[in-house]
4 protein chains.
Amino acid sequence: MSAEYVLTLSCPDRPGVVAAVSGLLARHDCNIIESQQFGDPVAQRFFMRIQFAGRPGIIDELRTAFAALGPELGTEFGMEFEIFDLAVKPRALVLVSKLGHCLNDMLYRVRSGLLPIEIVAVASNHPDLRPLTQSYGIDYHHLPVTAETKPRQEAELLTLVGHYRADMVVLARYMQVLSEDMCAKLAGRMINIHHSFLPSFKGAKPYHQAYSRGVKLIGATAHYVTPDLDEGPIIEQEVARVNHTHSPEDLAAIGRDLECQALARAVRWHAEHRVLLDGHKTITFPR
Amino acid sequence: MSAEYVLTLSCPDRPGVVAAVSGLLARHDCNIIESQQFGDPVAQRFFMRIQFAGRPGIIDELRTAFAALGPELGTEFGMEFEIFDLAVKPRALVLVSKLGHCLNDMLYRVRSGLLPIEIVAVASNHPDLRPLTQSYGIDYHHLPVTAETKPRQEAELLTLVGHYRADMVVLARYMQVLSEDMCAKLAGRMINIHHSFLPSFKGAKPYHQAYSRGVKLIGATAHYVTPDLDEGPIIEQEVARVNHTHSPEDLAAIGRDLECQALARAVRWHAEHRVLLDGHKTITFPR
Amino acid sequence: MSAEYVLTLSCPDRPGVVAAVSGLLARHDCNIIESQQFGDPVAQRFFMRIQFAGRPGIIDELRTAFAALGPELGTEFGMEFEIFDLAVKPRALVLVSKLGHCLNDMLYRVRSGLLPIEIVAVASNHPDLRPLTQSYGIDYHHLPVTAETKPRQEAELLTLVGHYRADMVVLARYMQVLSEDMCAKLAGRMINIHHSFLPSFKGAKPYHQAYSRGVKLIGATAHYVTPDLDEGPIIEQEVARVNHTHSPEDLAAIGRDLECQALARAVRWHAEHRVLLDGHKTITFPR
Amino acid sequence: MSAEYVLTLSCPDRPGVVAAVSGLLARHDCNIIESQQFGDPVAQRFFMRIQFAGRPGIIDELRTAFAALGPELGTEFGMEFEIFDLAVKPRALVLVSKLGHCLNDMLYRVRSGLLPIEIVAVASNHPDLRPLTQSYGIDYHHLPVTAETKPRQEAELLTLVGHYRADMVVLARYMQVLSEDMCAKLAGRMINIHHSFLPSFKGAKPYHQAYSRGVKLIGATAHYVTPDLDEGPIIEQEVARVNHTHSPEDLAAIGRDLECQALARAVRWHAEHRVLLDGHKTITFPR
């Protein structure tokens with residue numbers, strides 16, 4: 001009997017890393033199932049994701065072994081690694097406003113076993129999506145927000161993150177700009193879906209912007225949230241053809257499918273530890 | 001025996017236009033083959049393209065008849081129309097610099113009967129693409145340009161347009177910014193291919209910009225040229241997936257196919273009179 | 001104040017039809033909003049869809065007027081037309097088995113106003129999707145079926161069609177082959193989603209077939225149901241890239257999105273009277 | 001100074017292979033640039049491609065070392081590997097008939113440095129594409145064929161393969177069915193482009209078949225040639241949307257772009273040793 005794990009690792013790019021890592025896993029009787037790597041030629045940094053089978057409970061032993069690998073390879077100052085048990089699904093807090101298509105899509109995927117996360121709660125600045133959420137037996141928190149109450153509301157959101165021990169936060173069409181402080185606190189584990197093909201049409205009302213510019217393709221972008229609005233590392237994008245007959249409302253209707261798909265893929269890849277941060281870009285290792 | 005024609009028409013949007021136009025064509029024994037229309041709800045303007053069969057030589061008679069239609073419909077101040085004989089292919093002057101993929105693609109399509117234009121000459125600020133051009137038996141004009149000689153070189157380009165009686169100009173990766181005057185003179189009949197998914201990555205080196213931003217899709221945009229750089233009305237766009245392993249050079253290699261396809265479609269639609277200008281946007285009536 | 005209508009029409013292809021139809025509409029003070037046409041060169045038949053605004057209640061008057069148009073045009077033996085009030089949404093009975101992704105997608109689209117149908121009931125040969133259906137306040141009928149009970153079960157399905165006055169039936173992953181008789185009774189108003197890119201992989205387990213063949217793209221096909229299995233007129237298709245790492249189960253997971261999208265577009269186009277039958281093919285007039 | 005190599009390897013799937021392979025490379029001072037692997041769960045077989053940098057001339061030494069690896073891993077009866085010097089471009093003989101779009105596309109890509117093969121000669125059963133071929137300074141062989149002369153003509157083709165020391169043969173719209181014997185002789189190194197989305201529309205006139213069936217997407221498929229017509233292992237596929245207005249000739253025109261792209265990708269991947277045969281399927285390791 002064996003369990004499945006994922007190792008993600010990055011270090012200064014030098015020869016022998018793959019041999020050292022795969023050798024270590026072999027010595028611990030771990031069998032590599034999937035392996036992907038990338039050497040960033042600009043950053044001179046090496047990134048790796050290995051999915052492997054090993055005996056249950058081996059994770060601490062491996063962590064100790066890998067902690068010793070950096071010094072052995074002479075990269076002691078720069079190696080970073082994490083090991084995850086794939087049986088442990090990330091716990092996600094989902095934030096929404098009024099539009100529920102992304103939430104509905106995620107809820108259904110999770111129930112169908114297509115999205116390996118656990119949605120522990122949904123929070124919103126509006127009450128609209130309570131019935132949908134509760135039909136899945138999930139807690140719904142209505143936290144209204146105004147300019148004055150924003151700091152307090154964000155504090156409540158962070159309390160929810162703690163209360164539910166959320167590993168990640170998904171902004172599934174949450175139409176509030178978050179404070180720099182909140183972005184910093186959830187850096188690398190908060191994913192937003194922006195309803196445009198970034199970097200086109202940042203900011204508000206991107207479908208209206210797309211309509212005004214007369215583009216022939218619209219898109220959606222899932223990205224990690226950073227304090228710099230709509231500038232976070234892009235995880236996934238999707239596009240669809242449009243034409244002059246489409247009003248801004250038509251574009252929004254077409255865009256809903258793009259948003260659902262780009263967000264679902266980004267969340268799944270994040271949950272499967274397939275997304276590695278490389279400066280302000282992402283390395284994605286989908287199958 | 002009959003010939004094929006295209007009528008393009010725009011006028012203030014009001015009831016009865018389709019009936020008036022189709023009635024006029026029916027009275028002249030013209031048979032509608034393809035018809036598309038669009039009422040712009042913002043501009044309150046109606047646009048129409050009708051492809052029809054009629055007896056050879058009827059074009060002047062129809063022009064006279066349509067000129068009388070505006071007053072009849074009470075839209076005398078706002079109706080614009082054109083009638084084209086589809087047997088007459090637009091004469092195109094193609095401008096290039098050093099990269100020849102779009103030129104090669106267009107030359108081959110024209111020879112194969114897939115692009116209904118006549119390439120009457122190619123002009124370039126570099127000599128590199130002379131052999132390719134001449135292998136198709138087409139004139140090649142090398143017109144070097146520097147900051148000082150730009151006005152004179154543009155004058156020479158315009159002389160070529162006149163000399164060859166060019167109906168349209170195609171910038172097939174011509175890497176020079178054109179003067180406002182030149183853009184104005186060729187307004188509505190000069191098409192450029194920009195190697196990004198506009199409005200993302202305007203200006204120079206878009207593939208390097210895309211690499212820096214870490215996008216997951218790159219694109220190409222064919223548009224009419226206006227004095228406002230990369231802001232002209234978009235005719236067609238194309239995209240392809242990329243990932244973190246792709247260098248700027250890889251993106252450029254992938255992008256070449258996108259550029260060829262978007263430009264070829266835009267030029268074909270223009271040549272078939274399927275593109276109508278609606279302010280700074282285009283209405284495209286592809287099949 | 002005005003209402004919106006759709007006229008669909010087909011007749012032997014001859015000159016003057018557009019003029020006659022648009023003239024008739026103009027005389028009844030109807031304003032054309034959208035118009036599409038197609039002359040099938042093989043069948044020598046002309047097809048047209050016109051969306052127009054007219055005064056409320058005009059539909060019977062128009063039907064009488066159009067009934068007289070055939071004789072006037074000399075096509076009395078071949079003209080067929082229908083006029084629909086767009087405010088009247090088609091009533092749909094949805095059939096499912098155990099997989100609910102298409103049903104969930106349709107329910108959410110209908111509630112969001114993105115799919116102009118009314119789902120009047122859901123019927124299934126399994127009880128699994130009752131909670132999902134009832135969470136939308138919609139009747140659910142569990143009608144188990146075996147080889148012996150099939151005729152009786154189909155009779156019950158047809159009774160439901162009558163009871164709910166269903167205008168259309170949607171097979172949203174209903175995994176039962178219907179009898180020739182039932183297909184005939186619902187001809188032209190029963191839409192199925194097949195989980196392959198037809199005509200590839202007809203019949204059972206198409207994702208397993210796709211896996212075995214090693215294709216690099218999989219697809220889904222929405223089509224009208226005919227007695228000839230998986231041979232009905234195709235309305236819409238969608239595809240996605242796959243690779244050697246994907247198991248049949250992975251293909252099924254990826255395919256779910258394709259099925260939802262192809263089916264949603266096909267149902268919407270049918271509901272908006274954008275799909276015309278042309279022999280065993282469809283003419284689709286999407287925007 | 002270093003050279004770049006590619007190792008492709010397959011063996012029965014068991015633990016430790018990656019460690020053994022990467023360890024061997026590390027001991028020979030080779031630096032892994034790109035690595036991909038796949039364990040086929042059905043065939044219980046492991047496949048790997050590693051691109052690495054090593055000192056010039058090391059290839060024979062590595063071959064000896066890898067030959068000893070099988071026994072060491074206890075997989076001596078099942079390991080297969082090849083090592084290629086990436087500086088050595090495969091020599092390709094291209095076969096064509098009358099249609100030259102794929103040939104033109106390949107010639108231009110090769111000249112632009114986008115397709116890492118050397119086209120050593122073009123052979124055809126028709127004389128039409130001689131001028132295009134010769135404008136690139138490449139030999140053209142006109143080898144007409146009839147039912148009676150087919151064996152002799154194929155013998156001449158095989159003589160050309162030998163004469164030009166061709167590593168691969170590309171059927172770039174060569175419209176002749178090859179004999180079983182010829183297919184066997186060039187197994188695994190002859191790539192065909194079929195102008196349909198296989199397995200749909202095998203055999204002759206696929207665009208006419210697609211027209212008759214009324215599909216909404218058409219495709220092209222690049223595959224290794226096997227004696228079983230259009231059943232060879234698929235390397236790459238491409239698709240595009242079409243509709244009822246497109247005649248078979250329109251489909252062929254749209255399909256040309258798909259054919260060029262699918263074939264160019266398949267040939268490039270083959271030339272970069274990114275395609276591994278896994279029974280009658282391919283494993284492709286594109287970047």
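# Exercises: contacts, folds and an interface

Setting aside its neighbours within four places in sequence, B:Ala53 is in contact (heavy atoms within 4.5 Å) with B:Ser2, B:Ala3, B:Glu4, B:Asp29, B:Cys30, B:Asn31 and B:Ile33. The model is predicted, so local features need pLDDT of at least 70 and side-chain atom pairs pLDDT 80 or more, while totals for chains, interfaces and linings use all residues. Residues are numbered from 1 along each chain as its sequence is written, chains are lettered from A and ligands numbered from 1 in the order written, and side-chain values use heavy atoms, without hydrogens and water.

**Exercise 1.** Locate B:Ala53 and decide whether it is buried or exposed.

*Solution.* 
- Step 1: find the element. B:Ala53 lies in strand β3 (residues 45-54) of chain B. Helices (H or I, at least four residues) and strands (E, at least two) are DSSP runs, numbered from the N terminus.
- Step 2: check the cover. The relative accessible area of B:Ala53 is 16%, so B:Ala53 is buried. The cut-offs are under 20% for buried, over 50% for exposed and partly exposed in between, with a 1.4 Å probe and protein chains only.
- Step 3: take a distance. B:Ala53 and B:Lys216 are 163 residues apart in sequence. Their C-alpha atoms are 46 Å apart in space.

**Exercise 2.** Describe the overall fold of chain A.

*Solution.* 
- Step 1: count elements. Chain A has 9 helices and 13 strands.
- Step 2: test the size. A compact globule of 287 residues would have a radius of gyration near 19 Å, and the 21 Å of chain A agrees. The radius is taken over C-alpha atoms, and the rule is 2.2 Å times the number of residues to the power 0.38.
- Step 3: look at the extent. The C-alpha trace spans about 60 × 40 × 35 Å along its principal axes.
- Step 4: look inside. Of the 287 residues in chain A, 60% are buried. Among contacts with a separation of 6 or more, 67% join residues 24 or more positions apart.

**Exercise 3.** Work out which residues of helix α8 in chain A are buried, and what they pack against.

*Solution.* 
- Step 1: list them. Helix α8 covers residues 206-213, and A:Pro206, A:Tyr207, A:Ala210, A:Tyr211 and A:Arg213 are buried.
- Step 2: recall the geometry. An α-helix has 3.6 residues a turn, so residues three or four places apart point the same way.
- Step 3: name the partners. In chain A they are β9 (190-194), β10 (217-224) and α9 (248-271). In chain B they are β2 (31-40), β11 (234-241) and β13 (281-284).
- Step 4: see what follows. After α8(A) comes A:Gly214, with a positive phi near 75°.

**Exercise 4.** Describe the interface of chain B and chain A.

*Solution.* 
- Step 1: count residues. Chain B gives 34 residues to the contact and chain A gives 34.
- Step 2: give the area. The two chains bury about 3,000 Å² between them, 52% of it on carbon and sulfur atoms. Buried area is the accessible area (1.4 Å probe) that two parts lose on being put together, summed over both.
- Step 3: B:Arg213, B:Lys216 and B:His244 supply 25% of the area that chain B buries against chain A, more than any other three residues.

**Exercise 5.** Find the backbone features at A:Pro199 and A:Arg173.

*Solution.* 
- Step 1: check omega. The peptide bond from A:Leu198 to A:Pro199 is cis, with omega near 5°. A:Pro199 sits in the loop between β9 and α8 of chain A.
- Step 2: check phi. A:Arg173 is not a glycine, yet its phi is positive, about 70°.
- Step 3: A:Arg173 is in the loop between β8 (168-171) and α7 (180-185) of chain A. Its relative accessible area is 7%, so A:Arg173 is buried.
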